[in-house]
Every structure is written in C-alpha cells, then in structure tokens.
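Dear colleague,

Please find below the structure that I am handing over to you. My findings follow directly after it.

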Amino acid sequence: MSQQFDVVVIGAGPGGYIAAIRAAQLGLSVACIDEWKNAAGGPAPGGTCTNVGCIPSKALLQSSEHFEHAAHGFDEHGIGMDNLRLDLGKMLERKNKIVKQNNDGILFLFKKNKVTFFHGRGSFAGRSEDAYAIKVSGDKPAELIAKQVIIATGSNPRELPGAPFDEKRILSNTGALAIDAVPENLGVIGAGVIGLEMGSVWRRVGAKVTVLEAMPAFLAAVDEQIAKEAQKLLVKQGLDIKLGVKLGKISADDSGVSVEYENAKGEAQSQRFDRLIISIGRVPNTIGLDAEAVGLALDERGFVKVDDDCKTNLPGVWAVGDVVRGPMLAHKAEEEGVAVAERIAGQHGHVNFNTIPWVIYTSPEIAWVGKTEQQLKAEGVEYKAGTFPFMANGRARALGDTSGMVKFLADAKTDEILGVHMVGPMVSELIAEAVVAMEFRAAAEDIARICHAHPSLSEATKEAALAVDKRTLNF
Ligand code: FAD
Ligand code: NAI
C-alpha cells in the first residue's frame, strides 16, 4: 500500500536532510529517502559530506595537524616531544566515530522533527495528474506518493579515463580518507580543494606528496595574490606541486601506480607512487533515480536543470545541492534546501549566490567571499584594495602562526565591500564576518569602525578594512 506525504525528499545529504527538516518545521508531512549504508549495512544519512567528505576530511586534517605541531611546532614553545609516534589506526577510528556521531545525529533530528526516514534507493515510478509515485527499493521496499518532490542526490567523484578507481591503489576521496598505512610516495592528480586538503593530511603524517595539476596557474579561481601566497606556503611545507602537466598513461599493479606525464616544459616524465588520489572534480549523481520515467530534464553535463528557484521542468519537482548548477558546497546545498522547503510552504526562500563563502582547510587555511581582484579587473569595476599581514597581528604571533594575510576589495566610489580574501590561521572562522558585512552591503569603513577584541585574529580583518583607506594602525 502506498504512503502519502506532502513532500518526499530523495537524498539525505546536507541539501536533502536540511530541506526535510525545514519542510517539517513548516508543518508539512515529510519523507526522506537515502540509500547510504554504513559498514554494518545500516543507514548512514548525511551524504557525501558526512560519510566521505567535509566531516571525515576535517577530522583527519585536525589529527594530522596535531601530529605536525607535536613533531615540529611544540619545540619553540619549550615543549619537548620524545618518542613521538603515530597510531594511524586510532586516528582513522576517531574519524569513523565522528562520522557515526553525525549519522546518528541526523537520525535523531529526523525523529525530533517527525520526518519519516526510508533507508533504500528512491526512484520515480510514475506520475498522476498532480502527484508523483516514488518507489523505495532496499531491505524494506515501499511506495510513496507526494505532490512535491525534492531531488538532493548529490555528486560522485569524476573518474580519469583509463584509470578507474579501485580504492586500493587508485583512490577517490573515499579511499583517500581510509589509507591504512602511511604511503611513502603519494601521488595526487588535481591541485584543487580535495587534492590540497588530502595531500596535506598525508604529507603531515610522513608521506612524500606530489601533486600533478593540468592548469598552469595554482588555484585559478582564487584571488591571485592570495593563491600565490598559499602556493608559496604549501610548497615550503613540502607539497611538491607540479603545474601545467599533461597526463599520459596511468597503470596500477599490486605494489603501486606508475604515472607518465609531460611537465610544463613539455618534457616526458614518469613517476611511481604507492597510492594515487584522483581529485579532478565531481559529477552530478542521478543514477537510479529513473528521471526518464517522468521526463525530468537534465543538462548536457548531467545536472538536473533548474531555474533560479531550484524548480525543475516538472511541476512540484525541485532539485538542490551538488546535483544542480552552482558551487558544490555543503552550505550551498543547505541554503537551497531551506529555500525550497520555504517556497513549497508558500514563503519566499532566497539564496544569495554572491555571498557564499569558500574555505580550503589546508594550514594555513584559505577563505574567500565575493569577487576576486582579477574578476573586478575583467569586469572593469573601479576598486580599492587593502591588505594586512598576520605577521603584524599580536594574537597570530602568540599562536606561533603568522603566515598569510587578509585582503579587502571595495568599490572605489561607494566603498561597498566587493570581496574579502584570506590566507592564514583560522580564516575559516574569520570569513563569517566578511559574509555578514557583504550580506548587509557594508562599506569597508563599517568594518574599520567596529570594535574588535584584542588580541584576536579578527583584528587583522579590521586592519585590512582600514588598509582600504590606507590608514592601518599596526602596520
Ligand atoms: P550529497 O552529500 O552527495 O548527498 C546525496 C545523498 O543522496 C547521498 O547520501 C546518496 O547516497 C543519496 N542518494 C543519491 N541517489 C539516491 C537515490 N536514488 N535514492 C536514495 N538516496 C540517494 N563542502 C563544504 O562545504 N565544506 C567542506 O569542507 C567540504 N569538504 C569536502 C571534502 C570532500 C573529500 C568531498 C568529496 C566533498 C567535500 N565538500 C565540502 C562538498 C560537500 O560534501 C558537498 O557539496 C555536499 O555533500 C553536497 O550535498 P548534497 O546534499 O547535494 O549531496
Ligand atoms: P576541484 O574542482 O576543486 O579541483 C580539481 C582540479 O583538478 C582542478 O585544479 C583541475 O584543473 C584539475 N584537473 C582536472 N582535470 C585534470 C587532469 N586531467 N589532470 C590534472 N589535473 C586536472 O575538484 P576536487 O578537488 O575534486 O573537489 C571537488 C569539489 O568538492 C570541489 O570543487 C568542492 O566543490 C568540493 N570540496 C569542497 C571542500 C571545501 O569546501 N573545503 C573540500 C573538498 C571538496
């Protein structure tokens, strides 16, 4: 017998589970279907983010950073560390525990908000005049009927032709988060977000890491000045980043992976790695959705086609998160999920794409919001720039981490903040102030006039805002 709901959400990643909770808060009856299985075969809601993305990567980044501090950073504080050792098994176990806590947390939130959860695959089974039939296949098959459907089926790692993931030698993000012995030589294809974060994790615990990147510029989407500074710092730490490479044959065997490539000078190279992480972007996931059963339109790259409001070509069917256009970020998926739930309930949900922050959790961290200097130049916008180095910040000196800077870009005439770019300690937290300021269309002077606690890293934000008007106080 089919079960009727106001809203059925397919996928319980950050886009789907947040949409389900918000819709339930607004008084709608909601079902959420997710097929992710934990090691025991049980439900593991939270999607890529919780299971093989944001959460486990940040757990390993934290652990490996502690290890690196203990190995190289404590000495200057007068703390000696003899017989330092790494228990990789325990480090991975801690990460798995954190993932499980998040999975369980989402199941609890579903109960608390009266969202009915179905563990299995959801696919379109048919359409009547004003409703959709969704089939749940899995251990407990079911059929659901709803007038409103939210597709939040996420994304999968992009494979490199000729080098399929085996998760033993050739690793996607899934394998990269679960290597059971520190590789002596680790190769990474793609110097993007995953390549730099996972490359940092394994370098910190002892691997020699080589990153092969096709683009001639490092982090081309990041403000050039910030990207150059980040590159300098990451290379100094020991990441061997080769830009402008052209990949050739990749062959894996029982003991490792051989990679042939041309370097930026066009010279033929060959390198042998114990493991190879391939992180060259992600592709939208509509596998198993049976989109064709109801005529759901996809674009030429496989994304579900949506308008600015996340409406698909089918009445009552919406799509959010990685499976639609826009940045593949958990908080972007969440914002879209909330906005769609509110629209279904007759409210006016809104997502401001100009103020979505980005963070790369290397050390130092890289964070930004708004336009880069190269974008403003290309658009012919007249702007003023102000920078402030963490070297001149008292809290950064006390922390023992003075790398990087904060940079403001403001409109030359109105002083409105157009972009804020940071590389340095804890900038994942500092960027929030810039997001708030931009959301309220603040001027650089507004930040410059606000009292910031002393000593704090946030004073670098205030000083960079002062620098726009060429009147820093501490530099
Ligand atoms: P997903 O999280 O992919 O969830 C989709 C869910 O739908 C999955 O659980 C899947 O099993 C389920 N599903 C798919 N099809 C069906 C079906 N037919 N039936 C039932 N269930 C189905 N973003 C950040 O903002 N910050 C970070 O620090 C960050 N770190 C990352 C690190 C890594 C290594 C990776 C890979 C990604 C990271 N991301 C990060 C990106 C982030 O994980 C994604 O942007 C986010 O998970 C997208 O959310 P989503 O809900 O759209 O999809
Ligand atoms: P990415 O798009 O960040 O980087 C991919 C890199 O691979 C690019 O620099 C690209 O030029 C390069 N590349 C592509 N093809 C190549 C080839 N054939 N040879 C060599 N280099 C090649 O993608 P990534 O790192 O896979 O991450 C996917 C997405 O996941 C990110 O874009 C981001 O949206 C999300 N993510 C977000 C994180 C965060 O917010 N901190 C962390 C990790 C992932």
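Helix 6 is mostly covered, for 10 of its 12 residues are buried. Please bear in mind that this is a predicted model. The buried residues of helix 6 are Gly 195, Leu 196, Glu 197, Met 198, Gly 199, Ser 200, Val 201, Trp 202, Arg 203 and Arg 204. The length of this helix can be checked as well: at 1.5 Å a residue, its 12 residues should span 16 Å, and the C-alpha atoms at its ends are 17 Å apart, which agrees. After helix 6 comes Gly 206, which has a positive phi, near 125 degrees.

Ser 279 is found in the loop between strand 15 (275-278) and strand 16 (282-284). With a relative accessible area of 10%, Ser 279 is buried, because buried means under 20%.

Helix 6 leads on to ligand 2.

Which element gives the largest share of the shell around ligand 2? Helix 6 does, with 4 residues. The elements that contribute two or more residues to this shell are helix 6 (193-204) and strand 18. In total, 23 residues surround ligand 2, and the closest are Ile 194, Glu 213, Gly 281, Met 328 and Val 359. By class, the shell around ligand 2 divides into 14 nonpolar, 5 polar and 4 charged residues.

Several polar contacts can be located in the display. A polar backbone atom of Ile 194 is 2.9 Å from an oxygen atom of ligand 2. A nitrogen atom of ligand 2 lies 2.9 Å from a polar side-chain atom of Glu 197. In the side chain of Glu 213, an N or O atom is 2.6 Å from an oxygen atom of ligand 2. On its own, ligand 2 has 840 Å² of accessible area, of which the protein covers 75%.

In the side chain of Lys 58, an N or O atom is 2.7 Å from an oxygen atom of ligand 1. A backbone N or O atom of Met 328 is 3.3 Å from an oxygen atom of ligand 1. A polar backbone atom of Cys 54 is 3.5 Å from a nitrogen atom of ligand 1. Taken alone, ligand 1 exposes 1000 Å², and the protein buries 94% of that.

Finally, I looked at the aromatic rings. A pair of aromatic rings is described by the distance of the centres and the angle of the planes.

How many aromatic pairs are there, counting rings whose centres lie within 6.5 Å? The count comes to 5 aromatic pairs. In one of them, the ring centres of Trp 358 and Trp 368 are 5.6 Å apart and the planes stand at 5 degrees, so the pair is stacked. This pair links distant parts of the chain, 10 residues apart: Trp 358 is in strand 18 (residues 358-360), and Trp 368 is in strand 19 (residues 365-370). Trp 358 counts as partly exposed, at 24% relative accessibility, whereas Trp 368 counts as buried, at 8%.

The rings of Phe 388 and Phe 475 have their centres 6.0 Å apart and their planes at 75 degrees, so this pair is edge-to-face. Phe 388 lies in strand 20 (residues 383-389) and Phe 475 in the segment after helix 13 (458-468), so the pair ties together parts that are 87 residues apart in sequence. Phe 388 is buried, with a relative accessible area of 2%, whereas Phe 475 is exposed, with 61%.

Yours sincerely

Technical notes: Residues are numbered from 1 along each chain as its sequence is written. Chains are lettered from A and ligands numbered from 1 in the order in which they are written. This is a predicted model: local features need pLDDT of at least 70, side-chain atom pairs count only at pLDDT 80 or more; totals for chains, interfaces and linings use all residues. Side-chain values use heavy atoms; hydrogens and water are left out. Rings of Phe, Tyr and Trp (its six-membered ring) pair if their centres lie within 6.5 Å; planes under 30 degrees apart count as stacked, over 60 as edge-to-face and the rest as tilted. Buried means under 20% relative accessible area, exposed over 50%, partly exposed in between (1.4 Å probe, protein chains only). A residue is near a molecule or strand if one of its heavy atoms lies within 4 Å of it. A polar contact is a pair of N or O atoms within 3.5 Å; within protein, one must be able to donate a hydrogen and the other to accept it, and residues adjacent in sequence count only if both atoms are side-chain atoms. Accessible areas come from the Shrake-Rupley method with a 1.4 Å probe; for residues, only the protein chains shown count as cover. Ala, Val, Leu, Ile, Met, Phe, Trp, Tyr, Cys and Pro count as nonpolar, Asp, Glu, Lys and Arg as charged, and the others, Gly among them, as polar. The expected span of a helix is 1.5 Å times one less than its number of residues.
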